[in-house]
Amino acid sequence: MNTKLTNYLNGVFTPYDGVKSVNELKADLHSDLQERYRELKAAGKDDETALKMTIESIGDIEETILEVANLSRSLERQVLINFSASNLANSDFAGVTAHKGQFKGSALRGSDFAGADLTGSTFKSSDVREANFDRANLTDCSLSTLDLTNASFRNAILVRTNFSKSGLDGAKFTGSRLTDVTLTMTDLRKTVFEGCSFDGVDFKYTDLTGQCFDGQTFIGVKFDKAALNGVSFRNATLKNVSFLSGFTLSKKYYRAIQSIIFDGAAMDKLTYAALKGMEANLSKVTVI
């Protein structure tokens, strides 16, 4: 094949050496151009004309190569964020972007995810004790069967985040807004919630015994099938909040509702009426 044509291709592809899909594109293009060059020569074109016409036939190849390289590198990065079954204790992930990352069966105790974008990531069956998720984006993340003891979620972005069957003793949710979050079959008795707002949150089969939600905001929240003995909502705001049990209301459930502290709370008429029907102590509640 014409040496000048080979040199031309080498020059165009040099910035992307090592990118597998680009190398494959180069090999295919090399073969196609060789055939095109031979056809032009057979048609009586001189070397320079055949070379020029061959190059012109591939159009803006640099733009195509760039698109292929970017896609390939993106896929390579996705592969690199599969950290399943890895020993990552005390690792530094602060500020990283790891969409749809996989952290299954991993040792992550004390790891720093502060400010990281972990959108769509999965954490499962891992040791995540004392991990730092402060300001992390946990949108659409699934966190199941984890040990999150003493983990920190200060000002974390929690949208459609799913916590399931996980240990959250001593975990701190400070200044966070939980939106459409689901907490399922989780013991939250020793979890710390401070300065949070809860919008569309669903507490399913959670143990909230003695939990303190003082001064916090609850909109469209469901406490259905949750253990609520001695929970405090002092000075909290509740709108469209549900406190239904998973079975026919029994004396035991009535006693749990009656043990909840609502002193100084503000709530809408529907929430007030439902709680009044369950004989909750609403003597110091403001209806809004």
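Two residues are in contact when heavy atoms lie within 4.5 Å of each other. By that criterion, and not counting residues up to four places away in sequence, Phe-153 touches Phe-133, Asp-134, Leu-138, Leu-148, Phe-163, Leu-168, Ala-171, Lys-172, Phe-173, Thr-174 and Ser-176. The structure is a predicted model, in which local features need pLDDT of at least 70 and side-chain atom pairs count only at pLDDT 80 or more, while totals for chains, interfaces and linings use all residues. Residues are numbered from 1 along each chain as its sequence is written, and side-chain values use heavy atoms, with hydrogens and water left out.

**Confidence**

- The protein chain has an average pLDDT (the predictor's confidence in each residue, from 0 to 100) of 85, and 80% of the residues score at least 70.
- Residues 75–79 have a pLDDT below 50, and this stretch has zero contacts in the model beyond near neighbours in sequence.
- Where pLDDT is low, the predicted coordinates should not be read in detail.

**Sheets**

- Strands (E, at least two residues) and helices (H or I, at least four) are DSSP runs, numbered from the N terminus; two strands pair if DSSP finds at least two bridges between them.
- Six strands make up an open sheet with parallel pairing, in the order β1-β2-β3-β5-β8-β11.
- At the edges of this sheet stand β1 (102–104) and β11 (202–204), each with a single partner strand, so one side of each is left without a neighbour in the sheet.
- β1 pairs with β2 (residues 122–124) in the parallel sense over three bridges, and Gln-102 stands opposite Thr-122 in β2.
- A further open sheet has seven strands in the order β4-β7-β10-β12-β13-β14-β15, with parallel pairing.
- Its edge strands, β4 (157–159) and β15 (286–287), each pair on one side only.
- β4 and β7 (residues 177–179) run parallel and are joined by three bridges; Val-159 has Thr-179 in β7 as its bridge partner.

- Thr-191 is located in the loop between β8 (182–184) and β9 (192–194).
- Thr-191 counts as buried because its relative accessibility is 3%; buried means under 20% relative accessible area, exposed over 50%, and partly exposed in between, with a 1.4 Å probe and protein chains only.
- The side chain of Thr-191 reaches the backbone oxygen of Leu-168 at 2.9 Å.
- Apart from neighbours within four places in sequence, Thr-191 is in contact with Leu-168, Gly-170, Ala-171, Phe-173 and Gln-211.

**Positive phi and a helix cap**

- Most residues other than glycine have a negative phi.
- Asp-140, although not a glycine, has a positive phi of about 60°; Asp-140 lies in the loop between β2 and β3 (142–144) and is partly exposed, with a relative accessible area of 37%.
- Asn-240, also not a glycine, has a positive phi of about 50°; Asn-240 is placed in the loop between β13 (237–239) and α5 (251–258) and counts as partly exposed at 49% relative accessibility.
- Helix α6 (residues 269–277) is capped at its N-terminal end by Asp-268, a side-chain oxygen of which lies 3.2 Å from the backbone nitrogen of Leu-270.
- Glu-279, which follows α6, has a positive phi near 65°.

Technical notes:
A polar contact is a pair of N or O atoms within 3.5 Å; within protein, one must be able to donate a hydrogen and the other to accept it, and residues adjacent in sequence count only if both atoms are side-chain atoms.
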